[in-house]
Amino acid sequence: METAPAFSPKAVRGAIAALGVGVLLLAIGWYVGLFVAPPEHYMGEVQRIMYVHVPTAWNAMLVLSFAFLCALAFLWKNDWKWDARLEAAVEMGVLLSFLLCVQGAIWAKPTWGVWWDWDPRLTTTAVMLVAFVGILALRHLVDDPRKRAVWSSVATVISYASVPIVYFSVRWWNSLHQVQSTPQTVDSAMVTPLRIAALGMLFVWIAFVTLRSQLARRRLAQELAPPPFTTATVAAGGEG
Amino acid sequence: MRAVAAAFYKDVLLGWRGRAQGMAVAVFGATLLLLLSFAVGPNAQTLRQLGGGFLWVALLFASTLALTESFRLERENRAIEGLLLLGVHPAAIFYGKALANWLHLFVLGLLLLPVMVVLYDPALDGIAGVVGVLALGTAGLSAPGTLHAGLASQTRAQQVLLPLLLFPLVVPVLIAAVRATSLCLLGDPMGQARSWALLLLAFDGVFWPLCGLLFGHVIEE
Amino acid sequence: MQCPAPETGPRAMNETRTAIEARGLCKRYGRTWALVDVDLCVRPGEALVVAGRNGSGKSTLLRVLAGTLRPDRGEVRLLGEPVRRGRAALVGHASFTYDALSGAENLRIAARLLGRPSGPTDVQFFLDRVGLGARGADRVQAYSAGMRKRLALARALLQDAPVVLLDEPYGQLDPPGFGLIDRLVDELREEGRAVVLASHQVERLARICDRALLLDAGRAAWSGPATELPFVFQRLEEASIRAVAG
């Protein structure tokens, strides 16, 4: 294993720029979606949460896929920068999944009268949330940097691989009870602000993940500092 | 292959020697079934409907004890490191242990089955199907369970970490096994049990190779 | 690091191929470095003693040589090839046994995993060789620490590896056990295997081994003929006492 990756000021500057772009796009997308676009036929104003919910859903999936790729990259290449990125991606994935579940509950209560409607996508998200919280817990409980990196990569790969099966089984289980699922199809007039908001969120999380992984790199550099190579031999007449 | 057979023999022998502990785990599972029935109350109809589900919940919780135990024996005296020192491939160690754990969990399930029948009073004509589901379902618990138990056993908080890591992963197994078991016990007019069993098979087909591949990373230093 | 020609040992003039070659080994545990830039070289039929105070890195070095620990830097080659687990037999501090099984069963499992003959007589041979012949059927749970050490030795012998690494082999053994280790080291050298022993028994091993390596805080402080080890070791002790007192 080589030395830890260096801190990169260029990446930080790029991240801050991306953050600026992202916030701007989000502001535009949400302004249009929340104030300008027409309300949906049946659900009225409540449906506007879609402008937050759908971008969050797309981006949560993207972040977790990115975490999966980082895990694979680390196991294959043994390069510490992938562990730093994995750490950042898992944290962001937990945050977005949590927000997704909260948004789902906020939508469900006025619509169905219950906080949780066992929608397959949302239920899968809840399961994934627990899985990735477990991975974060794993990272906190392991002190050795190499073991921490390897084990969390293994756990991430396995958790991600289970997503399709979890989703499929929940959807099937749900279909037997005929519960109305969260509508995901959106009217074409509403697609544009949706996409803008999603793009904005993409920039925002890329910015945060970059900054967070830089922090992780700094910590790794401290943990992986090479030994002091001072001479300290006791010469005693033999070969040194 | 030979190494897998030798590792399997080793784990089965250890399991047999530790059968007192195994019985304690079974008693724990039975107690869980009893406690869960209290949560429902003495309503025979409801109990009958929930029996299949509770069987699997109890089995899942009891399995964490069994899985933790299988690695405790490897940790004391660093036996698993000894196996690696002999040049045994980590995947062979994994498959020997996962197969043995499958057997242990299957036996555990068979021991809990009569307890569930007594407490929850389901119809008995679907029992053969339930045994089949037990076989497939415990296989689904064993592979990821063995992997994560191997990982958790090396950390400070293994009692907490193993369930936390394992349970989200085996949600499909739980869903499919509960559905299939309930269908076998309560009647299956549309013949859906077979589809759930196929889902279990698919889960096993994905995770047995995947976990075997990744196990080496977990036990190496 | 060039391997110097051995002055002693039954294979002094015959072997030029090295059994163990290590270069620049570094290993850390968390924040502490257990090994820093250690080189060593052992020929087939040679015995090397690794000495040093507690915490100097002896056990870590042996585990790296066995291939069970990956060094953070440096490399190890066994018989010319990159180290692979199974090529070296290690008798460590842990006994690597299953307490719930008997001594004979532990050996039988090891034999099966290695693909060696695992019948009762095959296993009994190794139990006899380490003096456990009568206690093979008892569970390891009931063994004393010395008996566990003997069982670990039997396992290492069963492995039939060209490199044998013994970490504190004299620890926990009784006086007959000391004689057993001395005999085994001689036998292993006769068989052309490379033996590395980590031990505090500096005087004893100076007589039995060919070469010595002294570790101090993870670094190679000195290496040379084993006969000189006691003097070097004493000088190191005196120097450290002076450093503390002065």
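## Interface between chains B and C

The contact between these chains takes 22 residues from chain C and 23 residues from chain B, two residues being in contact if their C-beta atoms, placed from the backbone, lie within 7 Å. The largest share of the side of chain C that touches chain B comes from helix α2 (residues 103-114) of chain C, with five residues. Helices (H or I, at least four residues) and strands (E, at least two) are DSSP runs, numbered from the N terminus. By class, this side of chain C has twelve nonpolar, six polar and four charged residues. Here Ala, Val, Leu, Ile, Met, Phe, Trp, Tyr, Cys and Pro count as nonpolar, Asp, Glu, Lys and Arg as charged, and the others, Gly among them, as polar.

This is a predicted model, in which local features need pLDDT of at least 70 and side-chain atom pairs count only at pLDDT 80 or more, while totals for chains, interfaces and linings use all residues. Residues are numbered from 1 along each chain as its sequence is written, and chains are lettered from A and ligands numbered from 1 in the order in which they are written.

## Interface between chains A and B

In this interface, 23 residues of chain A are in contact with 22 residues of chain B. Helices α4 (120-141) and α5 (145-175) of chain A are the elements that give two or more residues to the side of chain A that touches chain B. The most come from α5(A), with 14 residues. This side of chain A divides into 19 nonpolar, four polar and no charged residues.

Chain A has six helices and zero strands. Of its 240 residues, 44% are buried; a residue is buried if 20 or more other C-beta atoms lie within 10 Å of its own, exposed if 12 or fewer, and partly exposed in between, with C-beta atoms placed from the backbone. Among the contacts in chain A with a separation of 6 or more, 81% are between residues 24 or more positions apart.

## Helix α7 of chain B

Helix α7 (residues 158-169) of chain B has twelve residues and reaches 17 Å from its first C-alpha to its last, close to the 16 Å expected at 1.5 Å a residue. The expected span is 1.5 Å times one less than the number of residues in the helix. The buried residues of α7(B) include B:L161, B:L162, B:L164, B:L165 and B:L166. Their cover includes α4 and α5 of chain A, together with α3 (44-75), α6 (127-152) and α8 (171-186) of chain B.

Strand β6 (residues 88-91) of chain C pairs with β7(C) in the parallel sense over four bridges, where two strands pair if DSSP finds at least two bridges between them. C:V91 stands opposite C:L166. Strand β8 (residues 194-198) of chain C also pairs with β7(C) in the parallel sense, over five bridges, and C:D167 has C:A198 as its bridge partner in β8(C). From β7(C) the chain crosses through helix α5 (residues 175-190) of chain C to β8(C) in a right-handed β-α-β crossover. A crossover is right-handed if, with the strands pointing away from the viewer, the path from the first strand over the helix to the second runs clockwise.

The largest nonpolar core has 234 residues, and those with the most contacts inside it are C:I20, C:L65, C:L165 and C:V196. Such a core is a set of buried Ala, Val, Leu, Ile, Met, Phe, Trp, Tyr and Cys residues joined through C-beta atoms within 7 Å. Leaving aside neighbours within four places in sequence, the contacts of C:L165 include C:L62, C:L65, C:L90 and C:V196.

## Antiparallel sheet of chain C

Four strands of chain C form an open sheet in the order β2-β1-β4-β5, with antiparallel pairing. Strands β2 (32-42) and β5 (81-82) of chain C stand at the edges, each with a single partner strand, so one side of each is left without a neighbour in the sheet. Strand β1 (residues 20-29) of chain C pairs with β2(C) over seven bridges, and C:K27 has C:L35 as its bridge partner in β2(C).

C:R73 lies in strand β4 (residues 73-78) of chain C and is partly exposed, with 17 other C-beta atoms within 10 Å. Not counting residues up to four places away in sequence, C:R73 touches C:G24 and C:C26.

## Residues with positive phi

Most residues other than glycine have a negative phi. B:N77, in the loop between α3 and α4 (79-85) of chain B, has a positive phi near 65° and counts as buried, with 20 C-beta neighbours inside 10 Å. C:D160, in the loop between α4 (145-159) and β7 of chain C, has a positive phi near 55° and is exposed, with 12 other C-beta atoms within 10 Å.
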